Amino acid sequence: MPEDKKEIVGYRQQPGKLDFTRPGSGGSSPKSEKRDLEMIPQSQGGKMGQPWGPHRHDNLVTGRIIGKRTPLIDSRWKVTGQAVYGDDVRLPGEIIGRLVRSDRHYAKVLSIDMTDVESIPGVLATATGIDAPSAFGVLPVTKDEHAMALEKVRHIGDIVACVAAEDEETARLAAAAVRIEYQDLEPIFDMRDGLKDSPDPIHDRGRYHIGESNVQKRVFQRFGRISDIKNSIASYDNEWTFKGVNHGFTEPHAVVAHWDPRGRLTLYTPQQVPHYVHRALADVLDIPMHQINVHRTYVGGGFGGKSDPFPHEMCAAILARKSGRPVRITFDREEVFWTNRGRHPSRISMAIHADKEGRFSGIQTDALIDGGGFASFGHVTTYYNGVLHTAPYEIGAFHYTGARVWTNKPASGAMRGHGAVNSRCAVEVGIDHISEELGVDPIDLRLANLLPPHSATITGFRVTSIGMRECLERVRKESGWDKKFRRMPLGKGIGVGCGFFISGSGLPIHWDPNKFPHATVHLKIDMDGGVTIHTGAADIGQGSDTVVGQAVAEVLGLPMDMIRIRSKESDTSPVDLGSYSSRVTFMNANAAVSAAMEIRSELIEAASLITGVETSGLVLGDRRIFNKKDPAVGVSYLQALHKAQEDKGALVASGSYRTPPMGKMHKGAAAGLAPAYSFSAYVAEVDVDIETGRIKVEKVWAAHDCGKALNPLSVEGQIIGSCHMGLGQVISEEMQYGRTGNLLNPDLLGYKIPTVHEMPEVVPIIVESNDPEGPFGAKEAGEGPLLPILPAVCNAVYDAIGVRNNELPLTPDRLYRSIEKACRQRGIKDPRDLPNPSLELTSLSDKLIRRAKDHAKRDRERRLDPNPDAYYNGQLFNRHATGPPEENDPNWTVQVLPDQEYLENPKLAGSAWLHKERRHMEGAE
Amino acid sequence: MKTPAFEVHMPKTLDHALEIAKDLHEGGHDFDWISGGTDLIPNYKWGINPKSHVISMSGVSELEGISTTRIGAMVRLQDIVESSVAHPLIVEAAGTIASVMIRRSGTLGGNLCLDTRCFWLNQSETWRKSIDYCHKCDEGTGADCRVIPNQNELCVATYQGDLAPALMCLDAQIHLASHRGTRSMPLEDFFQEDGITRNVLETGEIVTHIQLPENSADFIGSYQKLRLREAWDFPEGGVAFSVGVSADGSVSTINMASTGFESIPRKHKELIESLDKGPNWALEAERLGAELKRAVRPVLNTWFPPAYRKKMASVLARRAMEETSKRVTSG
């Protein structure tokens, strides 16, 4: 026996001699499946059609998982009740925290007396505002929140103090025993009052305070040639009122804070954005970030309502620190409404004009939004109410004034479709009205005014892929639009609405995008062959874990059961901006793809060493790496992996994503800037009970351009879910404030979320425009699909009964009021005698149809052209050739501050500009 | 939300239940009867007049049972909906209540004795404190009514049970029992203004069952309910209408009753009196609707504004009548 073959007794497991797993391909199926050419893009020699052209990720497609209906990887935990949500966390020795909330709308806190509390047996800790005086807030520019009130309470339900006790009963008893002395201040509830000077503004911004008012943020934007609007032949000009709505997620907020024996804090919380809580905790508790582990639990619905760092999270940490015990705080539903961050109650004045060519010569929007007691995301919301309706249509001029005011109500914030929903509804209803004035079909009008792929909007957003035209064409066909529109009997109607939304926010809030990436994903593969993905993206039920897993599985040719996600803890996850602004699929899946590409090269390298085939000739299939030309020559994934791991053990890789440089330089130019945008068009069919005003939405055809459906199952789920949520805002949901300023319905009986009976049949239609920068072409599908349902229903109601409305929700009593008004105006006694609206086409109609046809051809050419000419909004008006308007159009204006002329006759929100900032006042230093 | 602690008594017989009630009353203890608890427990959680003793009727079999003429107080609402013997009008009304899950717990007796509702009342303790409470649950403050201030006498909380108007239209008798004995009355006489008084029940007295006339099968009717959503929501207005059809097909009696408009449900005898009982009775639907609209007096304390609810009273009445007429014709 040669020397090196001698058996060494007692030392059998020599490295390299025994496999760590049985030889094979890995995964639960013993056999490698054949490459499915139907799933391989044409550009790679496969049979998958590419009507929108090839994509930069085509060569990474293994045909395994992308584009297949994939159940969410955490779904079994949820359906078997094993998912641990915020309130399911149980730690040894935990105690219960309870927040003491204000029963005043607006008051100075004079004193807080804990004497009675401390004598209650079982009370272990109490805290008040002075225990954590540092301010925090989701946006660094508007930190105006504290763990507990410092000097003032700003709405009923605002937190004044907190207590922790052995059990819930004692904690509640203790909270009730806190004696607080207040001095009432004059509250304001009407957002219009927020524009006025006040003796006690709700917050004090110091030198930057706007007059003595409650204006938190104001925006003025004027783009284009406003004078051209004078040439319009059809106009819509209306004042809208939108009530505030709440996310209505299933899981109320819940948090557990635990200081471990080493003195580190772990915070268990159902958060959309663990990283912002991480930062805020460090500020408020005055400890370094590395001493905090934010553990995101399963999230029972977020929709924007769990993306701020919250005072109750701070309170739990403070109580836990004081008591030395883990503290759990779980909200009652009422407390969810007091925390709110729902969609802003808004008063929006919307004017849209069209010229004789059927072009939108201008949009003028004025949006006053009611922020409630705190800033939250409001700074951004104020911009979004304007800038997010500068597409998908080409517009001649755009003028937006917006203002957000503080009032003594629970804070508004970000909610699915952030800032875009209300003004979008007004725009789309306006277009419906204009099409009627012009005597054209509203779908024809839209199709003749769309921006082409690879163009710039009027405010300079860079739009890449656009599937708007296809969305409109699909819903038109599938709904049988041409046979139904303006042809149904009284009470039955059909309507269309479109949407446009960001796919990720272009600028990270906390840092320079040129410095740090938007998203980072780490991969680790050890000898067992399973891939561990570390990502900070927060799965909030939308399926972010699944999509990141899919991206990696696709590139490496692995089944999903070999993918493991670690996304819950900040200790092990890379820093991530979390789940908001519909960024996760675009940014995290892109980061995951780039990390997987690194591993993929290492595997191919190893396979090349084993097989002798050149790396360029190797492709990945199902757990196998083989010669493209002779698939019989190849190695299993595990063989290649183990070869690659020689000398270094586990393979690790890190991938990241950052947005390309884009956008303009004017003030506010970054708001609304995104690496890609989603588009959608819905048609809704309704049945209106004209005698009661009750709307029954019968069916919705919902087309959404998500670029590429990485997981069609979850895209459809998002579309249907969005329809439900948007439907609530249009027919029933509102935060109802009574004459005393109290929220009358802080519970799920009074807050009317549509039930299964109200939910229509939704036909989800996925349009795939193959975004050049999205992972495998994907864009967002989480928020954009909400937008079109509101105007589609409003327009369908008009088609049904000929009555326009400008107040949401369109509850039966409101609709009935407009029906009565219409009857009075027409001298009709019985609403059943109201006339139906009819459509009489004018000669413009043919012109628009021809133009739409030309544009369709133009768009097809542009989307397939690898280097299309630049296209700037305004070319439809023949104003400028190919350069940006500010360089080519002498009459072009870009104005971000109001001039004297405007200030002499401002619109409602625009009147916020009548105030001077304190630093600009006379006598200011 | 945390339910305040209370002692539960679980009698097995009606007599025992009434005795417990008597003892508690004489011992100076406050108590509530509880059947399904779907109304009482949410109110307790909100701290609205919770009591330290609760007598559960779930073990008392005398209150069970459903037949064409008798329905026990403890019959679950969903059992009525699924019953093959209950009158179709009762089945229709019961089928509109809340949701299947709630109906599997809620009972006939509980629905009839439903506490009156008001958005100044059905709120948490902190919330009610923020408006310094209200007349119906003043926490010892002597607070005024928040709906109609400066009167401090009448509580205008709204009665929102669905079964009462349907049963009234079938001429139901309600049967009560206490340790003093039993009594019965037409259902319309059971309810008593205002929103605090609600009904004639005396302390220690309980609803045992409702009894329908032998000929109730000859009644044909319809119940129309106004609400925002087709599940969960209480009636913002409800109108039941029925006609008694004789063997020869002629109409002998006509009934109409409403709920959800005021502190008690009402049987509108005075409006029906003028109605022609001839073959053309249904032609007066429009007029009857207009009269009901004038008769009801809703206030601003439920989801829909009162002006709308009032207007809808006429639509509901007319539709209830038209639907009844259709059902009579189709046999």
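Two residues are in contact if their C-beta atoms, placed from the backbone, lie within 7 Å. By that criterion, 25 residues of chain A are in contact with 19 residues of chain B. On the side of chain A that touches chain B, α3 (168–177) and α17 each supply at least two residues. The class make-up of that side is 6 nonpolar, 8 polar and 11 charged residues. The model is a predicted one, and local features in it need pLDDT of at least 70, whereas totals for chains and interfaces use all residues.

Chain A itself comes next. The chain has 20 helices and 30 strands. Its C-alpha trace spans about 110 × 80 × 60 Å along the principal axes. For 925 residues, a compact globule would have a radius of gyration near 29 Å, and the 29 Å of chain A agrees with this. Of these 925 residues, 59% count as buried. Among the contacts in chain A with a separation of 6 or more, 80% are made by residues 24 or more positions apart.

The chain is divided into domains. Domain 1 of chain A takes in 86–185, 250–301 and 306–339; domain 2 is made up of 383–392, 415–507 and 665–854; domain 3 covers 522–657. How far apart do the C-alpha centres of domain 1 and domain 2 of chain A lie? The separation between these centres is 39 Å. Contact between the two domains of chain A involves 6 residues of domain 1 and 7 residues of domain 2. On the domain 1 side, the residues that touch domain 2 divide into 3 nonpolar, 1 polar and 2 charged.

The interior can be followed through its nonpolar residues. In soluble globular proteins, nonpolar side chains tend to be buried together. The largest nonpolar core here has 348 residues, and Cys315(A) and Val552(A) touch the most other members. Helix α13 (residues 584–611) of chain A supplies the largest share of this core, 14 residues. Which residues does Cys315(A) contact, leaving aside its neighbours within four places in sequence? The partners of Cys315(A) are Gly97(A), Leu99(A), Ala127(A), Ala147(A), Met148(A), Ile159(A), Cys162(A) and Ile329(A).

After α16(A) comes Gly802(A), with a positive phi near 75°.

Further along chain A, the peptide bond from Leu808(A) to Pro809(A) is cis, with omega near 0°. Pro809(A) belongs to the loop between β29 (807–808) and α17 (812–826) of chain A. Helix α17 is also one of the elements that supply at least two residues to the side of chain A touching chain B.

Chain B has a cis peptide bond too, from Glu193(B) to Asp194(B), where omega is near 10°. Asp194(B) sits in the loop between α9 (187–190) and β7 (206–211) of chain B.

Positive phi values also occur in chain B. Asn49(B), a residue other than glycine, has a phi near 45°, and its place is the loop between α2 (40–45) and β3 (53–56) of chain B. Asp171(B) is not a glycine either, yet has a positive phi of about 55°; this residue is in the loop between α8 (163–168) and β5 (173–178) of chain B.

Ala295(B) is partly exposed because 17 other C-beta atoms lie within 10 Å. Not counting residues up to four places away in sequence, Ala295(B) touches His268(B) and Leu271(B). Ser258(B) is 37 residues away from Ala295(B) along the chain, and their C-alpha atoms are separated by 10 Å.

Terms used. Residues are numbered from 1 along each chain as its sequence is written. Chains are lettered from A and ligands numbered from 1 in the order in which they are written. Helices (H or I, at least four residues) and strands (E, at least two) are DSSP runs, numbered from the N terminus. The radius of gyration is taken over C-alpha atoms; the globule rule is 2.2 Å times the number of residues to the power 0.38. A residue is buried if 20 or more other C-beta atoms lie within 10 Å of its own, exposed if 12 or fewer, and partly exposed in between; C-beta atoms are placed from the backbone. Ala, Val, Leu, Ile, Met, Phe, Trp, Tyr, Cys and Pro count as nonpolar, Asp, Glu, Lys and Arg as charged, and the others, Gly among them, as polar. Domain bounds come from an automatic or database domain assignment. A nonpolar core is a set of buried Ala, Val, Leu, Ile, Met, Phe, Trp, Tyr and Cys residues joined through C-beta atoms within 7 Å.
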